[in-house]
Amino acid sequence: MRALGFQSDDPEELKKKERLHRLKCRTLSLRMQRNKLKAQIQMIKETKAALDEGFSPDSNGGENRAKCSQLILPLLMARHTELKDMLKAHHLIGGYDLVEVDGGRRVCLSLSTAYKDTCLDTYHLELDLTRGVRIHRHDIPPCIPLTSLAQENLQTDLPAFLNTLRQHVSALASRLHQVKLIKERLKTVRVMETNSLCSVLVLMCKITGDEDTAILFSLLYRDPIRALPTQVTLESNDKSLPDEPQWKETKSLFLELPPHQALLVLKNKGKIM
Amino acid sequence: MEEQYEAEIQQLCEEIAMLEAEKENYEREVSLHYGQYLHSMLGVMVEDDLRNKQDIAKLMDEIEKMEKNLARQIRLNKINLTGCCTKTIEKSKTKVVQQYQLTGHCYHVSFNVDFIITEEQEDDTLMRKVTNLNVVVDGQDFTDISSLLSRVEETNSLLLLFKTLESFSENCEHRSKTFQHFKVRQVS
């Protein structure tokens with residue numbers, strides 16, 4: 001510590017000096033990064049100007065070769081950005097982002113999910129291609145039947161396997177996101193029960209104008225690749241309520257709309273709080 | 001003294017983000033208009049001409065890997081992107097807004113899709129949202145899916161759009177093959 005010029009023995013003082021030193025190093029490194037970027041921008045601007053003026057690599061002459069040597073680096077950097085953009089575009093539109101690792105013996109894939117305009121989690125698979133196709137590693141949630149899906153067509157039809165798997169994870173991500181939206185936007189509704197696959201969702205709502213009556217919506221999602229429920233049941237501490245026509249018709253609402261939207265409709269109609 | 005450094009660090013991070021966006025946008029313009037020169041320029045080069053040899057070699061290596069990955073993508077994903085025009089509209093330390101204009105085709109259905117992606121860093125998570133989704137589909141029988149496309153546009157459901165395009169164009173392909181098959185049989 002003495003060697004670095006930290007004279008004091010006081011631990012507080014030492015900590016303070018260490019922190020200052022770290023901040024100084026970070027500032028210097030960022031300044032360097034900023035200056036490098038400025039130089040690169042200058043370089044690409046000059047490259048564009050030269051090309052705009054009509055410079056062509058095809059004309060002969062030693063002067064031409066020297067100029068080419070100047071322009072090569074910025075042109076390569078431009079190509080690098082172009083490829084980066086293309087790869088990102090493929091990812092955004094739902095591509096599998098296939099990347100070879102270990103000299104082609106394994107491949108990594110990603111499965112992106114979204115709910116309408118919101119991008120959700122991306123899941124990953126690493127496949128071993130040395131003896132047939134096997135799943136080497138993955139981060140697919142255990143509630144998804146990965147092994148049985150793999151047994152069906154992983155070996156015989158990779159695109160079909162990936163398509164089915166993508167449907168499963170997409171639907172799961174959608175359902176999970178819908179529960180999140182309920183918790184965020186409808187604080188008066190209680191999520192009583194759900195499971196990891198989000199195949200069951202039980203919601204408790206209070207009836208408007210009646211503090212003591214609650215209604216329970218039980219949503220069952222029998223189809224794992226759908227983000228909408230296949231069955232809706234109503235229960236209430238007021239036994240006659242579920243049979244009233246105005247409540248019976250809410251069932252179809254939950255079958256057609258995602259739960260957070262169905263609940264909002266009911267709330268706007270003044271039926272629930 | 002600490003505060004001074006912290007303030008400068010904050011300011012530098014913002015400046016770096018802006019400069020990165022500026023650099024990327026210039027590079028995109030150069031690629032768009034002069035990308036085809038790269039190949040012939042590399043041909044003109046001779047080993048000893050290459051200044052910044054290490055930088056160039058490293059870049060060329062990375063580019064080769066990316067080109068291979070892109071080729072694989074196109075083979076596996078049925079969606080073929082023939083054109084990708086990107087522009088960084090806004091970039092700060094925690095937020096990036098980019099505009100994409102994509103052209104391509106899936107089987108015989110060609111499309112033009114525009115959208116804006118906003119990415120925001122909130123603590124540990126990256127939030128990504130789609131806005132301003134615009135779709136133009138060209139091909140036979142697009143009237144079948146025009147109402148679905150309008151809904152997808154309204155809700156900015158980018159991923160759903162491409163999944164729909166994929167299954168729709170696959171169906172069109174099957175229909176046309178089946179039709180051809182019966183046409184041939186009729187004639188014979």
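## Contacts between two chains

Between chain A and chain B there are 11 salt bridges, a salt bridge being a side-chain nitrogen of Lys or Arg within 4 Å of a carboxyl oxygen of Asp or Glu. The model is predicted, so local features need pLDDT of at least 70 and side-chain atom pairs count only at pLDDT 80 or more, while totals for chains, interfaces and linings use all residues. Residues are numbered from 1 along each chain as its sequence is written, chains are lettered from A and ligands numbered from 1 in the order in which they are written, and side-chain values use heavy atoms, with hydrogens and water left out.

**Exercise 1.** Describe the contact between chain A and chain B, and find which element gives the most to the side of chain A.

*Solution.* One salt bridge links Arg31(A) to Glu8(B), with 2.6 Å between the closest N and O atoms. Then look at the elements, which are DSSP runs numbered from the N terminus (helices H or I, at least four residues; strands E, at least two). Helix H1 (11-52), helix H2 (62-92), strand S1 (99-101), strand S2 (106-115), strand S3 (118-128) and helix H4 (158-185) of chain A each supply at least two residues to the side that touches chain B. Of these, H2(A) gives the most, with 26 residues.

**Exercise 2.** Explain which parts of chain B are tied together by the salt bridge of Lys91(B) and Glu20(B).

*Solution.* The closest N and O atoms of Lys91(B) and Glu20(B) are 3.2 Å apart. Because Lys91(B) lies in strand S1 (residues 79-91) of chain B and Glu20(B) in helix H1 of chain B, the pair ties together parts that are 71 residues apart in sequence. Glu20(B) counts as partly exposed, because its relative accessibility is 24%. For another pair, turn to Glu90(B) and Lys95(B), whose closest N and O atoms are 4.0 Å apart in a salt bridge. Finally, salt bridges that share partners join Asp85(A), Glu20(B), Glu24(B), Arg28(B) and Lys91(B) into one network.

**Exercise 3.** Locate Cys198(A) and Asp123(B), and state for each whether the residue is buried or exposed.

*Solution.* Cys198(A) is not a glycine, yet has a positive phi of about 55°, and sits in the loop between strand S5 (190-194) and strand S6 (200-206) of chain A. With a relative accessible area of 4%, Cys198(A) is buried. Asp123(B), also not a glycine, has a positive phi of about 55° and is found in the loop between strand S3 (109-122) and S4 of chain B. Asp123(B) counts as exposed, because its relative accessibility is 75%.

Definitions and conventions:
Contact = heavy atoms within 4.5 Å. Buried < 20%, exposed > 50% of the residue type's maximum accessible area, 1.4 Å probe, protein only.
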